[in-house]
Amino acid sequence: MSTRGLLVAACVCLLAFPGGAGASRNPVQRPPLTVLRGEGSYTKASRGLHSVREIVVHATDGGSLDGNVWWLSGGHSHASCNYVIGRDGSIVQLVNLSDIAWQAGNWQVNLHSVGIEHVGDTGDPAGFTDAQYRASARLVAWLVHRYGIPVDRGHIIGHSQVPDPNHPGELGGSSHHTDPGPYWHWGRYMALVRRDAFPWRYRLKVRASLGSESSTIDGIVPWRATTSGVHAGRVEFLVDGRVRWRDTRAPFSFAGGRGLNTTALANGRHVLEVRAFGRGKHAVQQLVVDVFNRAFRITSAGLRDWQRVHGWLRVAANVHGARTTGIGLYVDGRVVSRDRSAPFRLRWNSWHVHDGKHDVVIAARAVDGRVVRRRVSVVVQNHPQPKHRPKPRPAPKPKPKPKPLPPPQVTAQNVGDGSTLTGAFVWRVHTTGPVLRVDLLVDGAVVGSATSEPWSFTWDTATVAPGPHVLTARAVTPSGSTADLAAAVSVSG
């Protein structure tokens with residue numbers, strides 16, 4: 001017969017356990033379960049709220065929920081338990097809490113404990129499901145408040161920890177059981193029990209607050225976070241999903257209390273988020289805001305680009321879009337005037353600088369950190385400028401007189417005094433100066449002329465009688481002047 005059939009036959013009911021006044025004050029609700037009432041392998045008793053001191057965790061080592069419910073109820077075995085938890089997390093109660101289940105293999109332990117079976121395989125690493133752990137932890141959390149049982153491994157034990165009543169020093173009850181086995185995760189299980197038994201200790205809450213009650217913010221806005229419940233060791237402040245600040249000490253505030261400078265964000269909708277972390281818990285709160293910052297700008301009167309300045313320069317200035325900490329006037333990078341309250345008036349004595357071009361800047365800083373500048377160039381003219389007199393033109397330099405040409409001269413010829421000539425003779429002459437031509441003379445008579453350098457002439461000595469003769473080379477200039485070079489020679493027959 002299935003579990004459903006057993007429950008119908010036994011007149012199933014989903015009722016709260018009788019537990020007296022103490023049960024009504026239990027701050028933890030009992031999880032949903034199915035109650036199967038009937039006779040079985042257990043001892044009827046009248047255990048009160050002070051009779052139960054332990055909870056024993058068992059494992060069925062196989063089988064289904066239906067099969068184990070049938071086996072442990074109705075006297076089918078010489079064993080029983082108060083609860084059976086299926087792999088899907090469903091809970092079935094087989095023995096009333098006021099009665100004594102035969103579950104531990106040790107009568108003294110049975111007298112003062114509640115036994116909980118879990119459908120699973122002790123030798124399988126995946127022998128128990130997440131649903132079982134969570135359902136069992138909720139049930140145990142309700143039981144520890146009902147009976148005032150400490151949440152520790154000395155009072156919530158496995159069947160393998162039950163002493164053998166017949167053999168001191170041995171464990172697992174009289175049959176030496178080893179369940180719930182090596183794959184039962186006690187650390188995880190006890191953490192779930194504590195969380196369900198004391199939710200107020202393990203719940204973390206965070207609340208964000210801005211220095212503005214409006215959803216539209218601008219400038220610098222204080223941004224704080226308060227936490228409650230579990231101690232928060234860290235709070236993160238995020239803008240549009242990006243962490244912008246972390247604070248590890250309460251009171252938690254953005255930028256160490258300096259606030260969120262919204263001018264670093266684009267105008268429009270943004271999501272502000274705080275995340276609190278502590279003892280493995282975290283909590284989140286989001287705020288949707290609209291950022292609207294006007295452009296920060298500066299205007300001035302009495303100052304324009306390339307303005308000519310004489311004496312005092314007086315400037316009236318103002319800012320728009322944000323409050324300012326003051327306006328300063330700078331000349332060539334050096335502050336010369338400041339005004340910290342409106343109406344802003346600035347002045348500069350230009351006699352303190354030299355005449356000429358100077359860089360002038362008007363600068364203002366907003367309380368939100370933005371800086372605006374207006375830069376111009378001015379020309380200072382405090383001293384009269386000397387009249388410009390053109391320089392006299394220098395007298396032209398006299399042209400140098402041309403150097404006189406050297407006089408013509410016959411410097412050499414290839415025949416000298418005392419030479420003896422015969423036959424055809426090539427007569428060569430060298431000259432200096434401006435020479436138009438060279439005439440060759442024998443005994444004063446011209447026998448030939450050369451009109452271009454190199455000067456040369458072939459003379460046949462047969463045209464004259466043998467004996468002494470005078471050969472003369474005569475250079476003739478363009479102006480008609482001449483220069484001679486003569487040589488006395490002998491012509492042989």
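Predicted model: local features only at pLDDT ≥ 70, side-chain atom pairs only at ≥ 80, totals over all residues.

Residues are numbered from 1 along each chain as its sequence is written, and side-chain values use heavy atoms, with hydrogens and water left out.

First, the whole chain. The protein chain contains 7 helices and 34 strands; these are DSSP runs numbered from the N terminus, helices being H or I with at least four residues and strands being E with at least two. Its C-alpha trace spans about 185 × 80 × 40 Å along the principal axes. The radius of gyration of the protein chain is 62 Å, whereas a compact globule of 493 residues would have one near 23 Å. That radius is taken over C-alpha atoms, and the globule rule is 2.2 Å times the number of residues to the power 0.38.

As for burial, 42% of the 493 residues count as buried. Buried means under 20% relative accessible area, exposed means over 50%, and partly exposed is in between, with a 1.4 Å probe and protein chains only. Of the contacts with a separation of 6 or more, 63% come from residues 24 or more positions apart; contact means heavy atoms within 4.5 Å.

Now the strands. Which part of the chain encloses β30? Strand β30, residues 437-442, has 5 of its 6 residues buried, so it is largely enclosed by the rest of the structure. Strands pair here if DSSP finds at least two bridges between them. β30 pairs antiparallel with β33, residues 467-476, over 6 bridges, and Val 438 has Ala 475 in β33 as its bridge partner. β30 also pairs antiparallel with β31, residues 445-450, over 5 bridges, with Leu 441 bridged to Val 446 in β31.

β30 and β31 make a hairpin with 2 residues between them, and Asp 443 in the turn has a positive phi of about 55 degrees. Leu 238 is opposite Val 243 in β14. The hairpin of β13 and β14 has 2 residues between the strands, and Asp 240 takes a positive phi near 55 degrees there.

Most residues other than glycine have a negative phi, and most peptide bonds are trans. Arg 279 has a phi near 55 degrees; this residue lies in the loop between β17 (268-278) and β18 (281-291) and is exposed, at 68% relative accessible area. Asp 332 has a positive phi of about 55 degrees too. Asp 332 sits in the loop between β22 (324-331) and β23, and is partly exposed at 43% relative accessibility.

Where are the cis bonds? One runs from Ala 342 to Pro 343, with omega near -5 degrees, and Pro 343 is in the loop between β23 (334-339) and β24 (344-349). Another runs from Glu 453 to Pro 454, with omega near -5 degrees, and Pro 454 is in the loop between β31 and β32.

Last, is Thr 461 buried or exposed? Thr 461 is in the loop between β32 (455-460) and β33, and counts as buried at 3% relative accessibility. Leaving aside neighbours within four places in sequence, its contacts are Leu 421, Thr 422, Gly 423, Phe 425 and Val 491.
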